[in-house]
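Biologist: Please take a close look at one part of this model for me. I would like the place where the two chains meet, told from one side.

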Amino acid sequence: MAVRTDGRARRPDSVRLRRVNILVGALSLPLFVCLWELVSRSGAVNMVLFPPPTVVATAVLEWIRSGQFFGDLLASLFRVTTGFIMGGALGILLGVLTGQFPVISSLLSPLFHILRPIPPIAFVPIVILWFGLSEAGKLFLVVWGVFFTVWLSTHIGVQKVDRGLIRAALMLGTPRRQMLQEIVLLGALPYIVVGLRTAVSISFYTLVAAELAGAFAGIVYRIEIAQQNLQTGQVMGGLAALGLISFVADRLFAALAERLVWWR
Amino acid sequence: MKLALASSSASVEEARKQPAIQVSNLSIVFDTNRGQNIAVDRVSFDVAPGEFVCIVGPSGCGKSTVLNTIAGLEVPFEGDILVEGAPVYSPRPDVGMVFQQPHLFPWKSVRRNIAHGPRMLGRSRAEANAIADDLIAMVGLTRFADAYPNTLSGGMQQRVAIARALANQPRVLLMDEPFGALDAQTRAVMQDNLLALRDRIKATIVFVTHDIDEAIVLADRVLIMSAGPGRILREVAVKLPRPRSSSVMLEPAYLALKKDCLDVIRAEGLRAFNRSEAN
Ligand SMILES: Nc1ncnc2c1ncn2[C@@H]1O[C@H](COP(=O)(O)OP(=O)(O)OP(=O)(O)O)[C@@H](O)[C@H]1O
Ligand SMILES: [Mg+2]
């Protein structure tokens, strides 16, 4: 009896605690922005180097009004999505090949394992030599970054497919040449999806490197130009835009991933 | 079906004489880094059409290896295996297998899992689903036809695995400790289910277990194997009346059979112990 009243008394407490947490969560960003505004305007810091949020917001509005924002956004999104799709497709294709066929794995895996740990940013100089400032060079960097992550997770996923499932499928009359589509690809799918999810953020890292290396439009390109003109508000606005885009991309992919692995 | 029966009574007569499974002088050797390991040593036995044979023996004695070889998943080192008179080189759709783990395809619903075999043998989706739905009803999972395996209990998953193995209407059903991972209660229910099922499907069944009670409850004949290298020590015919259920374990005839089996196993255990002491 005593235990029961105890439990009853505790429940409203935990509800209240959860409500407080939600409230604090909702206030987090506004509080932070207010604090930032206060600190910037207090005179304790240089307002040119550390502009308050109102100045950043004005810069972003101006960026949108001038029509450059959408051009920049499209340029960056094009690079990220095209690079992601190309690198992802290539990674899945070669991952299936190396995971499934030992000969191909012996041929390619040593090479890939040597190239994979080199940070994609380190390829910027040679990419400029090879491609100049063309779009191809930027795509190359994003594809490069995405490819290795997706290749490795696909390769591992294909290798980790439960042997028991393959034996069961064989016993049910599944022809060996159909094993790939019936069992292996689906068995590896959860790994492939994890690899692709990681690759989403990698594609944004490499985008930064690609646009810093020289571009004519793009979010990061705009950040760099603003920096040269000491438009710190614009720089911060660009960073916020980049953060928002990659956040949205990650969330979209998480939602997609849930549908891709439909049986979980 | 009728036509085949009428046309050749001679070949039917022949088929009745011919064992469903003939294992002769089967040896299986694995190459390990400590040299060759003889897993199975000159094992021979026949299984008559429609017979239910249980193989019992201690862990590691080669029960799974024998079964996998009959299934065509393992290649014999020496000896021959004939199923329905034809040698086995690779898995055949007229030989079904239920493994110790259910090994259900996690991305397929219960119905699609069971329909997989018929689909692979060229049936249309509608036909395959009809077969699956019949089997789902037979194993009592109608409510779960559209569920995914990860939402089912272990016993339910193993029932799906059995239904899936039956979907291709195998002449021979191989079962490798299918109830080994289940708790005692579920296990008894599954044994009764299997006994009831067996009266309807009329397949030849080879069932591996290390539970002597399970073996006697289910089988027409029990083969007792010895440990390393695996050999067949004794065959015990189980002449308990059918239809049977797990309550047969309370009968005196059952206890006498069990005593026979245990005597063989104990003698072998003692022999193995003395041998290892001597080395
Ligand atoms: N792929 C393999 N490679 C090497 N040795 C193997 C392999 N499979 C089985 N063995 C060996 O063969 C012997 C028999 O194994 P098996 O799995 O058939 O035993 P089991 O009777 O089914 O045992 P359990 O009751 O534990 O399932 C064991 O000594 C095992 O180590
Ligand atoms: Mg085994």
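Modeller: What follows is the interface, told from chain B, and then the sheet behind one of its helices.

The model is predicted. Start with the extent of the interface. On chain B, 26 residues are in contact with 20 residues of chain A. Together the two chains bury about 1900 Å². Carbon and sulfur atoms make up 69% of that area. Three residues of chain B lose the most area to chain A: B:His103, B:Trp107 and B:Met120. Together they account for 35% of what the chain B side buries.

The rule finds 1 salt bridge across the interface. A:Glu182 pairs there with B:Lys108. Their closest N and O atoms are 3.9 Å apart, against a cut-off of 4 Å. There are also 5 residue pairs in polar contact between chain B and chain A.

Several elements of chain B each supply at least two residues to this side: α3 (63–71), β6 (95–98), α4 (110–120) and α6 (154–166). By class, the side has 15 nonpolar, 7 polar and 4 charged residues.

Next, the sheet in chain B. Four strands form an open sheet in the order β2-β1-β4-β5, with antiparallel pairing. Its edge strands are β2 (35–47) and β5 (86–87), and each pairs on one side only. Strand β4 (residues 78–83) is joined to β5(B) by 2 bridges. There, B:Leu82 stands opposite B:Pro87.

Helix α3(B) links the two topics. It packs on the sheet, touching β1 (21–32), β2 and β4 of chain B. Its direction makes about 115 degrees with that of β1(B).

Technical notes: Residues numbered from 1 in each chain as written. Chains lettered and ligands numbered in written order. Predicted model: local features only at pLDDT ≥ 70, side-chain atom pairs only at ≥ 80, totals over all residues. Heavy atoms only, no water. Contact = heavy atoms within 4.5 Å. Buried area = accessible area lost by both parts, 1.4 Å probe. Salt bridge = Lys/Arg side-chain N within 4 Å of Asp/Glu carboxyl O. Polar contact = N/O pair within 3.5 Å; in protein donor to acceptor, adjacent residues only side chain to side chain. Nonpolar A, V, L, I, M, F, W, Y, C, P; charged D, E, K, R; others polar. Pairing = 2+ DSSP bridges. Axes fitted to C-alpha atoms, helices over the stretch in contact; angles between N-to-C directions.
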